[in-house]
Amino acid sequence: MNERTIIIDNVDPVSFYGVNNSHLQLIKSLYPKLRIAARGHVIKALGSPEDTADLEEKIKELEAWCERYNKLTDDVIIDIVKGAAPKAENNADQAIIYGINGKPISARNPNQKKLVKEFEENDLTFALGPAGTGKTYIAIALAVRALKNREARRIILSRPAVEAGEKLGFLPGDMKDKIDPYLQPLYDALEDMLPAVKLKEYMETGVIRIAPLAFMRGRTLNDAIIVLDEAQNTTRHQIKMFLTRLGMNAKMIITGDVTQIDLPRSVQSGLIHALSVLRGVKGIGKVEFNKKDIVRHPLVQRIVEAYEREKEAEEKAAEAEDDTTTDE
């Protein structure tokens, strides 16, 4: 008899073993000659060397499948254990990654597809456009894919903590409590893409770090995918500081909406300045989303259009007033 220890460390054990250990029970039934026990990330099998070696090989195949698709099914388990190729997920080639419960996360419109392409071809990519176009969501999906594919060792997500009509000092709690509400959209996206246990592990070990922009000063970010969200609210000095953090084997995605700047009127947006300064620089990609790319509730597109009409009316009124003043 031979005892073999198998470690599954790339997936959440709860997802791997199934509800009430249903997947584990199925694996046991497919290996009647083995005594199999599991606790946490460790599976132990007792039996002949041939059977335990075969079990380890199949467990690793199942782990790889579960890591890619974020789920296991009885059919997949049976196919892999019996040596058959499991049926691939629908649109497997088009999905960026698979989120919680195997939900495929893919580019849903031409500009999102262009963002995927620009990210693959450039080390720095700007994604610009109105709210609801999926800029940040796709950017984080690309970062998670790179982490899963071992193309990067960590993910750095950042946002400037700029008040939109509310002062930080009025919010309760310590600094982390005050900052977290500004970073919540980043947490929300990650929770869609990674099992809760795995996300918690990544956060605790620093594989995924979410921090306000001010915390980036003095750092060199190597072997990482770095995403700066809401970049329209950076100053010229801040965005220059952030862009120069780019280290070896690292990529950056900068997202922003130049129509939603929350900085004081006397302060120029760092994003607008950076786009002007870096125009034509090799290795930098840019994707410009528009209101047709909005993938939230249909009402969001109509809201954006209404605000655009108001802005155009204000600009025309201001021009007319200037003309009147000039004539006088």
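**View 1. Ile208 and its neighbours in a predicted model.** Residues are numbered from 1 along each chain as its sequence is written, and side-chain values use heavy atoms, with hydrogens and water left out. Because this is a predicted model, local features need pLDDT of at least 70 and side-chain atom pairs count only at pLDDT 80 or more, while totals for chains, interfaces and linings use all residues.

**View 2. The largest nonpolar core.** This core has 37 residues, and Leu190 and Ile208 are those with the most contacts inside it. A nonpolar core is a set of buried Ala, Val, Leu, Ile, Met, Phe, Trp, Tyr and Cys residues joined through side-chain atoms within 4.5 Å, and buried means under 20% relative accessible area, with exposed over 50% and partly exposed in between (1.4 Å probe, protein chains only). At least two core residues come from each of β4 (95–98), α5 (110–121), α6 (135–148), β7 (154–159), α7 (175–193), α8 (196–205), β8 (208–212) and β9 (224–228). Helices (H or I, at least four residues) and strands (E, at least two) are DSSP runs, numbered from the N terminus. The most comes from α6, with nine residues. A second, separate core of 26 residues includes Ile8, Phe16, Leu34 and Val76.

**View 3. The open six-stranded sheet.** Follow the strands in the order β8-β7-β9-β10-β6-β11, with parallel pairing; two strands pair if DSSP finds at least two bridges between them. At the edges, β8 and β11 (284–288) each pair on one side only. Neighbouring strands are turned by 15° against each other on average, direction ignored. Angles run from 0 to 180 degrees between N-to-C directions, with axes as lines fitted to C-alpha atoms, for helices over the stretch in contact.

**View 4. Strand β6 and the helices across the sheet.** Strand β6 (residues 124–128) runs parallel to β11, joined by five bridges, and Phe126 stands opposite Lys286 in β11. Helix α5 lies across β6, β9, β10 (251–256) and β11, at about 175° to β11. Helix α6 lies across β6, β7, β8, β9 and β10, at about 165° to β10.

**View 5. His23 in helix α2.** Here is a buried histidine: His23 has a relative accessible area of 9% and sits in α2 (residues 22–30). A polar atom of the His23 side chain lies 3.1 Å from the backbone oxygen of Phe16. Among the residues that His23 touches are Tyr17, Leu72, Asp74 and Ile77.

Notes: A polar contact is a pair of N or O atoms within 3.5 Å; within protein, one must be able to donate a hydrogen and the other to accept it, and residues adjacent in sequence count only if both atoms are side-chain atoms. Contact means heavy atoms within 4.5 Å. Lists of a residue's contacts leave out its neighbours within four places in sequence.
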